[in-house]
Amino acid sequence: MRDLLPPAVAVAVAGPDDWSGRLHAAEAACLGDRAVESRRRDFTAGRMCARRAMAALGLPPAAVPAAADRSPVWPAGLVGTITHTRGYCAAAVARSDEIRAVGMDAEQHRELSAGVRRLICLPEEDEQVAQLPPGIHWPAVIFSAKETVYKVWHPVVGNWLDFHDALVRLDPDAGTFTARISPARVAEAPVDHPPTLISGRFAVDTDLVRTAATLTPR
Ligand SMILES: CC(C)(COP(=O)(O)OP(=O)(O)OC[C@H]1O[C@@H](n2cnc3c(N)ncnc32)[C@H](O)[C@@H]1OP(=O)(O)O)[C@@H](O)C(=O)NCCC(=O)NCCS
């Protein structure tokens, strides 16, 4: 993810053999006693990566509990994001006076079923996919970009955003994307200056799609 984010954002990544560690009590309380082992491992790996990213910023390794909606609660003065998929986990952290919001997502690089694709992609996005070079599952890239967009949008605005509420445009040569948020969602956002356009970067490795985006402070 380092390649997808600006230098002001600290990034830590965990591979398949690097998923253990001790949670803070506040984090363990959010996870609860009934979490299955795979969920416990994902949650723990995310917190370990978050603390490594904080250390890279020269900050102490603080707890990152989860809110009731499962969004991470970052220490005051920080923004951050976590993603995990099979065998891969990453966290990114930045100072909120330098970065307004950061989002990041990793997904398996594979074909989406027709039903999932309909839920994710707008007709304009399907039209664009038809013109993109072969060899990449572009709907999976759009899916990941939209999850990244949600992770940027939600901490700033607090509102839900559906997959059809953002129109993603990919630039395959530059490895960048833009997501235009639907005017209706922008109009009802209960904050000043909600983001209308979220720009980010993507990368497709053999089996992994990665996307990331930031908003800079106004
Ligand atoms: C929240 C969501 C984006 C997470 O994405 P995912 O691919 O399922 O899972 P990832 O592993 O990439 O990310 C999970 C992490 O996201 C973070 N997260 C959860 N809710 C979040 C929120 N509301 N805002 C920001 N981050 C959130 C958490 O840190 C979570 O990990 P943790 O529970 O271990 O702490 C997804 O489950 C979701 O609800 N999507 C629907 C909304 C959406 O994407 N709309 C598209 C708008 S264009």
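This is a predicted model: local features need pLDDT of at least 70, side-chain atom pairs count only at pLDDT 80 or more; totals for chains, interfaces and linings use all residues.

**Exercise 1. Find the ends of an annotated domain.**
Work out which residues UniProt gives to the "4'-phosphopantetheinyl transferase N-terminal" domain, and describe that span.

*Solution.* Start with the record: an unreviewed UniProt entry places this domain at residues 33-94.

**Exercise 2. Get to know Phe163.**
Say where Phe163 is found, and decide whether Phe163 is buried, exposed or partly exposed.

*Solution.* First, locate Phe163: look in the loop between α5 (138-157) and β5 (166-171). Then take its relative accessible area, 23%. Buried means under 20% and exposed means over 50%, so Phe163, at 23%, is partly exposed. Now list its contacts, skipping neighbours within four places in sequence: Phe163 touches Leu119, Ile120, Phe143, Lys146 and Glu147. Pick Leu119 from that list. Leu119 and Phe163 are 44 residues apart along the chain, yet their C-alpha atoms are separated by 7.0 Å.

**Exercise 3. Classify two aromatic pairs.**
Decide how the rings are arranged in the pair Trp138 and Phe202, then do likewise for Tyr150 and Trp160.

*Solution.* A pair of aromatic rings is described by the distance of the centres and the angle of the planes. The count for this model comes to 3 aromatic pairs. One of them is Trp138 with Phe202, at 6.0 Å centre to centre and 85° between the planes. Planes over 60 degrees apart count as edge-to-face, so that is the label for Trp138 and Phe202. This pair links distant parts of the chain, with Trp138 in helix α5 and Phe202 in strand β7 (residues 197-204), 64 residues apart. Trp138 is buried at 5% relative accessibility, and Phe202 is buried at 8%.

Now for Tyr150 and Trp160: 5.3 Å centre to centre and 65° between the planes, again edge-to-face. Tyr150 is in helix α5 and Trp160 is in the loop between α5 and β5, so this pair ties together parts 10 residues apart in sequence. As for accessibility, Tyr150 is partly exposed at 26%, while Trp160 is exposed at 56%.

**Exercise 4. Spot a charge over a ring.**
Find out which ring the charged end of Arg47 sits over.

*Solution.* Follow the side chain of Arg47 to its charged end, and you'll land over the ring of Phe43. The distance to the ring centre is 3.9 Å.

Methods. Residues are numbered from 1 along each chain as its sequence is written. Side-chain values use heavy atoms; hydrogens and water are left out. UniProt positions are given in the numbering used here, feature names are shortened, and annotations may be inferred rather than shown by experiment. Helices (H or I, at least four residues) and strands (E, at least two) are DSSP runs, numbered from the N terminus. Buried means under 20% relative accessible area, exposed over 50%, partly exposed in between (1.4 Å probe, protein chains only). Contact means heavy atoms within 4.5 Å. Rings of Phe, Tyr and Trp (its six-membered ring) pair if their centres lie within 6.5 Å; planes under 30 degrees apart count as stacked, over 60 as edge-to-face and the rest as tilted. A charge sits over a ring if NZ of Lys or CZ of Arg is within 6 Å of the ring centre and within 35 degrees of the ring normal.
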